[in-house]
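Let's take a walk through this structure together, one neighbourhood at a time. Have your viewer open and follow along.

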Amino acid sequence: MAVKIRLKRMGKIRAPFYRVVVMDSRTKRDGRAIEEIGKYHPTEEPSLIEIDMERAHYWLAQGAQPTEAVAALIKVVDGGTLKTKEPKPAKKDLYEAAIAAAGKADDGGSAPRKKAEKKADAPKADEAKADESDAAKAEA
């Protein structure tokens, strides 16, 4: 049986990702694999390449032939020229940074409601109206 290490295409129409698989050369491109040994996401920046090199070397020693694309991926992973993406910061950290940038202290609670502010402002508005009416009566 001729065994190949090749890519198995998955994903959507314009958003492909691949699995690096070991399979019989006569099977369909996306057919049943003997073993999955890695992943390849070319659309990410930088591309995600994860290959279990121990299993890849085992299959190469058994006589499996890699395709050109897989040979290039193995060369990148073996050569150490693989770029890794920086991990995304946690959403909580981003939120706290945004609060700090806005100049507000995080009390740990929710912001006061507008209804409470209006009720607090209402007596002041009544006093202002009363002062205006007293001033108008004094003028008259």
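**Aromatic pairs and a central hairpin**

Tyr 58 has a relative accessible area of 37%, so this residue counts as partly exposed. Please keep in mind along the way that the model is predicted. The next residue to look at is Trp 59, which counts as buried because its relative accessibility is 14%, below the 20% cut-off for that class.

How many aromatic pairs does a search of the whole structure find? The search turns up two. One of them joins the rings of Tyr 18 and Tyr 40: with centres 6.1 Å apart and planes at 25°, this pair is stacked, since planes under 30 degrees apart fall into that class.

Now return to Tyr 58 and Trp 59. Their ring centres lie 5.4 Å apart and their planes meet at 80°, so this pair is edge-to-face; the class begins over 60 degrees. In general, the distance of the centres and the angle of the planes are what describe a pair of aromatic rings.

Strand β3 spans residues 35–41 and is mostly covered, with five of its seven residues buried. On one side, β3 pairs with strand β2 (residues 16–24): the two run antiparallel and are joined by five bridges. Within this pairing, Glu 35 of β3 stands opposite Val 22.

Which strand does β3 join through four bridges? That partner is β4, residues 48–51, and here too the strands run antiparallel. To see one of the bridges, look for Lys 39, whose partner in β4 is Glu 50. Together β3 and β4 make a hairpin, with six residues between them.

One last stop takes us back to strand β2, where Asp 24 lies. Is Asp 24 buried or exposed? Its relative accessibility is 12%, so Asp 24 counts as buried.

Technical notes: Residues are numbered from 1 along each chain as its sequence is written. This is a predicted model: local features need pLDDT of at least 70, side-chain atom pairs count only at pLDDT 80 or more; totals for chains, interfaces and linings use all residues. Side-chain values use heavy atoms; hydrogens and water are left out. Buried means under 20% relative accessible area, exposed over 50%, partly exposed in between (1.4 Å probe, protein chains only). Two strands pair if DSSP finds at least two bridges between them. Rings of Phe, Tyr and Trp (its six-membered ring) pair if their centres lie within 6.5 Å; planes under 30 degrees apart count as stacked, over 60 as edge-to-face and the rest as tilted.
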